Amino acid sequence: MSETVLALLNQPSLDVPPHEHGAPAFSLVDPSAPHLTVLDLAATRGDGIFESFSVSGGKPHAVDAHLRRFAASAKKLDLPAPDLEAWRAAVFAVAAALDPMPEGVVKAVMTRGVEGDPEARPTGWAYAWQSPDYSAARELGIGVVTLDRGYRADVEQTSPWLLSGAKTLSYAINRAVLREAARRGADDVIFVSSDGFILEGPTSTVLFRRGNSLLTPGVGLGILEGTTQGDIFGWAQKRGMETGFEMLTPAQLEQTDAIWLVSSGRQAAPIREFDGRTHPIDRELSAQINAFLLARTE
Ligand code: PLP
């Protein structure tokens, strides 16, 4: 048991040779020791994919959905297909080896490998650590600003080479927008397409309630299919709520009864301020959603 745990994958994809013949699928190594070379394409080009799993009670959440999205991202980037069984085992192993802690995170990363490797073997690792304390965001809510992403909502269909909808390692823009939000006095961002539709947060899915319906903008809009949103929809349906997809403008979103940004890690953060204007938060539903998300055992 330790505070941080690292597994290195020996053969991240069965389509290419292992790093070491005959070695196990992954091994737990010292997280504080160096493991990457400066020629890794993650470091030099941000070329690779990742997934972040939330963990409670030593168990990672929504593993099937995350691994499905990992494989879909690999396909979009023309990376070798990840060996999902090896990745699954590594993710479970690092989560289980964490010290007992209220909440943890596992980040699984697969890069295009080391520049010049004739066998083009991806580099892969799964790293687990303690999650920050998100209780204030979950209970008191967050302020968001809408920012133009500069792509139309149909970018995924018109320009697949832009990799919209893939979870790539190129997150410099997703970080830059948070600094822009801070300059505007907000905590987070909702991206809007150049043709005026609500998309997603830089690390989260937009969820909103209208009456008894829980809705999200949808898939195929150049945004990620959220694993947290997927689990919330399943839970909401069981308790009699309607769920569905709806494309809408910022003005229409502001008219809804409650809005959340949902993601692995922070879970459901209700929005209390939208582009500088106060928005009502649904404390009871927020608490129920977060209790459900944190109690997941798979
Ligand atoms: N959209 C983006 C751009 C993200 O980076 C993330 C998560 O990191 C999400 C949505 C939410 O996905 P999930 O609920 O699977 O964490």
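**Cavity, pocket and ligand site**

Good morning. The largest cavity in this structure holds about 30 Å³ of space. The model is predicted, so local features need pLDDT of at least 70 and side-chain atom pairs count only at pLDDT 80 or more, while totals for chains, interfaces and linings use all residues. Residues are numbered from 1 along each chain as its sequence is written, and side-chain values use heavy atoms, with hydrogens and water left out.

By cavity I mean a set of points, on a 1 Å grid over the protein atoms alone, where a 1.4 Å probe fits but cannot get out; a pocket is an open set with protein on both sides within 12 Å along at least five of seven lines, and lining residues have an atom within 4 Å of a point. Grid points are joined across faces, edges and corners, and a volume is the space filled by probe spheres set on the points.

A search of the whole structure finds one cavity of 30 Å³ or more. The lining of the largest cavity includes Thr205, Thr216, Ile223 and Gln229. By class, that lining has three nonpolar, five polar and one charged residues, with Gly counted as polar and Tyr, Cys and Pro among the nonpolar.

I turn to the largest pocket. About 1300 Å³ of space lies in it, and 47 residues line it, with Lys167, Tyr171, Asn174, Pro202 and Thr203 nearest its centre. α6 gives the most to this lining, five residues; helices (H or I, at least four residues) and strands (E, at least two) are DSSP runs numbered from the N terminus. The lining of the largest pocket divides into 19 nonpolar, 18 polar and 10 charged residues.

Next, the polar contacts, pairs of N or O atoms within 3.5 Å. A side-chain N or O atom of threonine 227 is 2.6 Å from a ligand oxygen, and a polar side-chain atom of serine 264 lies 2.7 Å from a ligand oxygen. Taken alone, the ligand exposes 390 Å², of which the protein buries 95%, by the Shrake-Rupley method with a 1.4 Å probe.

Note on methods
Polar contact = N/O pair within 3.5 Å; in protein donor to acceptor, adjacent residues only side chain to side chain.
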